[in-house]
Amino acid sequence: MVALPWHKTSPQEDDRSVGAAQTTRTLLGLLVVVSILSLGTGAAGLSVFDAARDLVSGEGLSVRDRVILMDIRLPRLAMGLMIGAALALSGALMQGLFRNPLADPGIVGVGAGAGLGAVLAIVLAGLLPTGLAVLIGAHLVPVAAFLGGWASTLLLYRVATRGGQTSVATMLLAGIALGALAGALTGMLVYMADDRQLRDLTFWNMGSLAGASWSKLAASLPLILPVLLLSPLLARGLNALALGEAQAAHLGIHVETVKRLAILGVAAAAGAAVAVAGGIGFVGIVVPHLLRLATGPDHRYLLPNAALLGASLLVGADMVARVIVSPAELPIGIVTATMGAPVFLWILLKRRGLGGL
Amino acid sequence: MLTVQNLTARLSGRTILQGITMSAHAGTLTAIVGPNGSGKTTLLRALTGDLPYGGAASLNGHELNATHPRKMAAIRAVLAQSTHLAFPFTVAEVVRLGLTASVQMHATDLTARALAEVGLAGYGPRDIQTLSGGEQARVHMARVLVQVWEPVTDNGPRWLFLDEPVAALDIGHQLTVMRITRSYADSGGGVVAVMHDLNLSAMFADRIALMLDGSILSQGRPAEVLTDTNLAQTYGCPVRVNAVPEQGPWLVPQATAI
Ligand SMILES: Nc1ncnc2c1ncn2[C@@H]1O[C@H](COP(=O)(O)OP(=O)(O)OP(=O)(O)O)[C@@H](O)[C@H]1O
Ligand SMILES: [Mg+2]
């Protein structure tokens, strides 16, 4: 059994930590299975088992197999895992911050804001002095997406919360306005773009993992990795925040710090995901919701489990996207929206029974 | 010891509290009473760090608006007038939110004991959103209790700040919760509770502060504060104070004007 930091408390029937730890192990298993399946799925006929047998028997991989595995499927898998974890985590963090299970970067305009940042970077990169452009290189787009996501989260929080309480209606409406504004500005930039930039934009906008590469991964990892590693530190603060800001402070939480870090975390995770894979919706809302149903809203378990389930879910969705219209490929955003939008509606429907929004 | 010197507080540009001077000692229960809108909650919020204030206020020697939340959380717990939880936590999880790192070891026992104290033994696994209003109020009382479970530590006495702890409770549970606060004070802790029930205040409090329009009109022992004239002036309704039970004054609201 893996000794995870939250396993210290003794088992007890009124405590869901045992179930949560069990869920963590199950999700780790799922992650491994999905990853192996994903490595074996693709247009080129290459089975993981054949490859494994070749490796074990000492023959080694053929050059062709090595290229397929190392340069195409592995980076694609790694990016799927990373972005899935980032999307689910940014959703869980945002829901904790807004004290609302409907908050999701994709839905409330943060994704659009990050997208605006990314497009801005792609279009305006040409204006940078060559030396600087080379220096920043691949990092420019993720960083710009992060800044765009950060500005929109901050703005949204200012608009939608009063005295520590978030109005759902205001949040969703502000999100629509924010998304529309970012979309309009993005449209203008696209109009200004030249042919080469347009190609980059179209490619980026598809919401796909098809362009996965080690260099893209390296460019966004510095944004996502800190969120993955540090978000558990916010768990206690977000739990307390569920009581409201004043009461969280009474429990000894430095509320402003927690809020600032959570906003940064949302922006970094969502921004990095948007920068490398375009708009992939609903992972951030479906994953935390399912986990809350299974093991409760405690962020100490919710955050790590969301990262695990999000990673598996996105890699799974990517397999579906590759297989369903093979040899062509669906944009993965279509797959996640098909799975996720009904769940979103379902949550809305259930909340209506609880006295509305 | 809680010391408040000439405290003022403003909300939305309006001065709500003016010239509040009071003190409360560990080992005593202080009730803050007064009509709706007289500033009781605002005073409690100023004393618990929610609200900037003018003047001086300190708890155990720590100036209230200059002390880190973590330090304050170690010496006092706060029950708000109402609490809305954003997610479906279980009762036990809510109570455990009150636990500070130092007592995490016997978390389960403490949670169970606190729940039993407020009459909710066995409610731990329930989703709090499925509890009745009064039951939820008692869950939050249990959460507040575990935060400062020992009334006295090496660092001095600890405090309960409670905004209407019994407003949502039936008469039996009102007494349960009042007895808990009383024994907390008797064990050396300090209790400051905003109350609407003057009889319970008279029965359980060592001192009463009577508020009107953002100031303290009168403070002292219950028998000194709860007089016919004081009450008629603050509540604008005739009240006759009797001394029938030996514990203290006993109030009977009058249906007709005196
Ligand atoms: N945010 C605010 N902005 C302006 N005025 C406020 C605000 N909050 C409270 N007040 C006013 O301050 C006064 C004191 O309010 P407070 O909540 O302290 O009353 P209270 O004594 O606790 O009343 P109750 O018994 O109804 O709980 C009231 O007149 C109220 O209208
Ligand atoms: Mg009040």
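1. Domain bounds here come from an automatic or database domain assignment. On that basis, chain B splits into domain 1 (2-75 + 153-253) and domain 2 (85-147). Their C-alpha centres are 24 Å apart.

2. A quick word on conventions: this is a predicted model, in which local features need pLDDT of at least 70 and side-chain atom pairs count only at pLDDT 80 or more, while totals for chains, interfaces and linings use all residues. Residues are numbered from 1 along each chain as its sequence is written, chains are lettered from A and ligands numbered from 1 in the order in which they are written, and side-chain values use heavy atoms, with hydrogens and water left out.

3. Now to the interface between the two domains of chain B. About 930 Å² is buried between domain 1 and domain 2, 72% of it on carbon and sulfur atoms; buried area is the accessible area (1.4 Å probe) lost on putting the two parts together, summed over both. In domain 1, the residues losing the most area to domain 2 are B:A73, B:H173 and B:I180, together 40% of what that side buries.

4. Which elements give two or more residues to the domain 1 side that touches domain 2? They are β9 (159-163) and α6 (171-186) of chain B, helices (H or I, at least four residues) and strands (E, at least two) being DSSP runs numbered from the N terminus. α6(B) gives the most, with 5 residues.
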